[in-house]
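Subject: A structure for you to look at

Hi there,

Here is the structure I promised to pass on. Please open it next to this email and follow along as you read.

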Amino acid sequence: MDTVTEALPSLSPQDALVAVMVAVSVSDENIRTAELVAIERMVNHMPIFASYDIDRIPVVAQTVYALLEEEEGLDALFGLVRDALPEKLFETAYALACDVAAADGKLGEIELRMLEEVRHELEVDRLNAAAIERGARARHMTL
């Protein structure tokens, strides 16, 4: 794991947001195109990413993949995310995670557990989390 964290010694706040989105996307070990498109769309259009170098996404994604292969990798990932993100962006991270999970119209048990882990690790209040989840569901409804 040291080589992974040496390759990316610290995450910017935007890197941390991307890392959370990637982690949710790969949590079920089935990276769907809709989820990847959702990540790219959010990075391209959200104000928080206005100054973000989109070329960092593959580097951050590789770091997430490598960490998740480690025994305590998820804990290490959340440590990096908490170190990089100001607390005021914890709910933003959870909202982005929910949007990625909802992007393909399928929320499996593994993705739901990952969202629960994100909510817990970032200490997102349950009532606020419910509102964020409802908003994601509303944005991703289909006819």
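A residue is called buried when its relative accessible area is under 20%. By that cut-off, 43% of the 143 residues of the protein count as buried. Please keep in mind that this is a predicted model.

Let's begin with the whole chain. The protein has eight helices and zero strands, so its pattern along the sequence reads α-α-α-α-α-α-α-α. Its C-alpha atoms fill a box of roughly 45 × 30 × 30 Å along the principal axes. For 143 residues, a compact globule would have a radius of gyration near 15 Å, and the 14 Å of the protein agrees with that. Among contacts with a separation of 6 or more, 75% are between residues 24 or more positions apart.

Now for helix 6, which covers residues 90-102.

Why is helix 6 described as largely enclosed by the rest of the structure? It is because ten of its 13 residues are buried. These are Phe90, Ala93, Tyr94, Leu96, Ala97, Cys98, Asp99, Val100, Ala101 and Ala102. Which helices do they pack against? Their partners are helix 2 (13-26), helix 3 (33-45), helix 5 (73-84), helix 7 (109-121) and helix 8 (126-139).

One of these partners, helix 3, deserves a look of its own. Helix 3 and helix 6 pack at an angle of about 145°, and their axes are 8 Å apart. Their crossing is right-handed. On the helix 3 side, the residues in the contact are Glu35, Ile39 and Met42; on the helix 6 side they are Leu96, Asp99, Val100 and Ala101. Sorted by type, the residues of this contact are five nonpolar, no polar and two charged.

Is aspartate 125 buried or partly exposed? Its relative accessibility is 42%, so aspartate 125 counts as partly exposed. The C-alpha atom of aspartate 125 is separated by 25 Å from that of alanine 38, and the two residues are 87 residues apart along the chain.

Best wishes

Notes
Residues are numbered from 1 along each chain as its sequence is written. This is a predicted model: local features need pLDDT of at least 70, side-chain atom pairs count only at pLDDT 80 or more; totals for chains, interfaces and linings use all residues. Side-chain values use heavy atoms; hydrogens and water are left out. Buried means under 20% relative accessible area, exposed over 50%, partly exposed in between (1.4 Å probe, protein chains only). Helices (H or I, at least four residues) and strands (E, at least two) are DSSP runs, numbered from the N terminus. Contact means heavy atoms within 4.5 Å. Axes are lines fitted to C-alpha atoms, for helices over the stretch in contact, and angles run from 0 to 180 degrees between N-to-C directions. A crossing is left-handed if the near helix is turned anticlockwise from the far one by less than a right angle, and right-handed if clockwise. Ala, Val, Leu, Ile, Met, Phe, Trp, Tyr, Cys and Pro count as nonpolar, Asp, Glu, Lys and Arg as charged, and the others, Gly among them, as polar. The radius of gyration is taken over C-alpha atoms; the globule rule is 2.2 Å times the number of residues to the power 0.38.
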